[in-house]
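Hi,

Here is the structure I promised to pass on. Have a look at it first, and my notes follow below.

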Amino acid sequence: MNISVARGGKSWPGTLQLILLVVAAMTTVATTQAQLSTVRINCGGTAYTDTLGQAWSADIYFVGGSKKTYAQNVTGTSDPKLYQSERYAARLVYNIPVTNGTYMVTLDFAEMFFNSAGQRVFSVSLENQTVLQNLDIWLSVGSNAALQKSFAVTVTDGVLNIVGTASVNNAKF
């Protein structure tokens, strides 16, 4: 899955992260932490430049979890590579340093491991607010297919907290 964070409510399409194979990717474009307005992270993966020329950082700002990569093609995206890596755990956390403000957080998912509904179910919270409850990627789009979800969130403490909590198997970004 991929995670894309853009300041001011604007987001750029990408195939990433949340990134939940959910394969997660977050966008990170800036020279210093204080200047970050867009963050792109390729969760569980390496640095990558997408088809729009946007730079995605290698997996950073995570707490715990394991990573995995896949070779299967992903439909519904022009950047399948961003969906072919993931970080997973029963409880998975990303703490992304950003300046205070309102952001559009885009989470990109693809179920790359399971081949039926009900095998992976999890919830996602941003800044302690649940934005996805009992997400089953396979039930939504099937296997090896991109699913993108975007949410506006306000950060007041300098850290964007993204938490995935599994109810069946593992959460993925």
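Residues are numbered from 1 along each chain as its sequence is written, and side-chain values use heavy atoms, with hydrogens and water left out.

On confidence (pLDDT is the predictor's own score for each residue, from 0 to 100): the protein chain has a mean of 86, and 83% of its residues reach 70 or more. Residues 9-36 are below 50, yet in the model this stretch has 198 contacts beyond near neighbours in sequence (a contact is heavy atoms within 4.5 Å). Where pLDDT is low, the predicted coordinates should not be read in detail.

Now the strands. They are DSSP runs of E with at least two residues, numbered from the N terminus, and two of them pair if DSSP finds at least two bridges between them. β14 (residues 159-168) pairs antiparallel with β9 over seven bridges, and Tyr94 has Ile162 as its bridge partner there. β14 also pairs with β11, again antiparallel, this time over six bridges.

Then there is an open sheet of three strands in the order β7-β8-β15, with antiparallel pairing. Its edge strands, β7 (66-69) and β15 (171-172), each pair on one side only. β7 is joined to β8 (residues 85-89) by four bridges, and Ser66 has Tyr88 as its partner in β8.

Rings of Phe, Tyr and Trp (its six-membered ring) pair if their centres lie within 6.5 Å; planes under 30 degrees apart are stacked, over 60 edge-to-face, and the rest tilted. The structure holds four aromatic pairs. One of them is Phe62 with Tyr94, which is edge-to-face because the planes stand at 65°, with the centres 6.3 Å apart. Phe62 is in β6 (residues 62-63) and Tyr94 in β9 (residues 91-97), so the pair ties together parts that are 32 residues apart in sequence.

How accessible are these two? Buried means under 20% relative accessible area, exposed over 50%, and partly exposed in between (1.4 Å probe, protein chains only). Phe62 is partly exposed at 32%, whereas Tyr94 is buried at 0%.

Another pair is Phe109 with Phe122, which is tilted at 45° between the planes and 6.0 Å centre to centre. Phe109 comes from β10 (residues 101-109) and Phe122 from β11 (residues 121-126), 13 residues apart. Phe109 is buried at 0%, and Phe122 is buried at 0% as well. Back at Phe62, this residue forms one aromatic cluster with Tyr94 and Phe173.

Lys68 lies over the face of Tyr70, at 5.3 Å from the ring centre.

One last item: Ala6, in β1 (residues 3-7), is buried at 0%. Ala6 and Val39 are 33 residues apart in sequence, with 6.6 Å in space from C-alpha to C-alpha.

Cheers

Key:
This is a predicted model: local features need pLDDT of at least 70, side-chain atom pairs count only at pLDDT 80 or more; totals for chains, interfaces and linings use all residues. A charge sits over a ring if NZ of Lys or CZ of Arg is within 6 Å of the ring centre and within 35 degrees of the ring normal.
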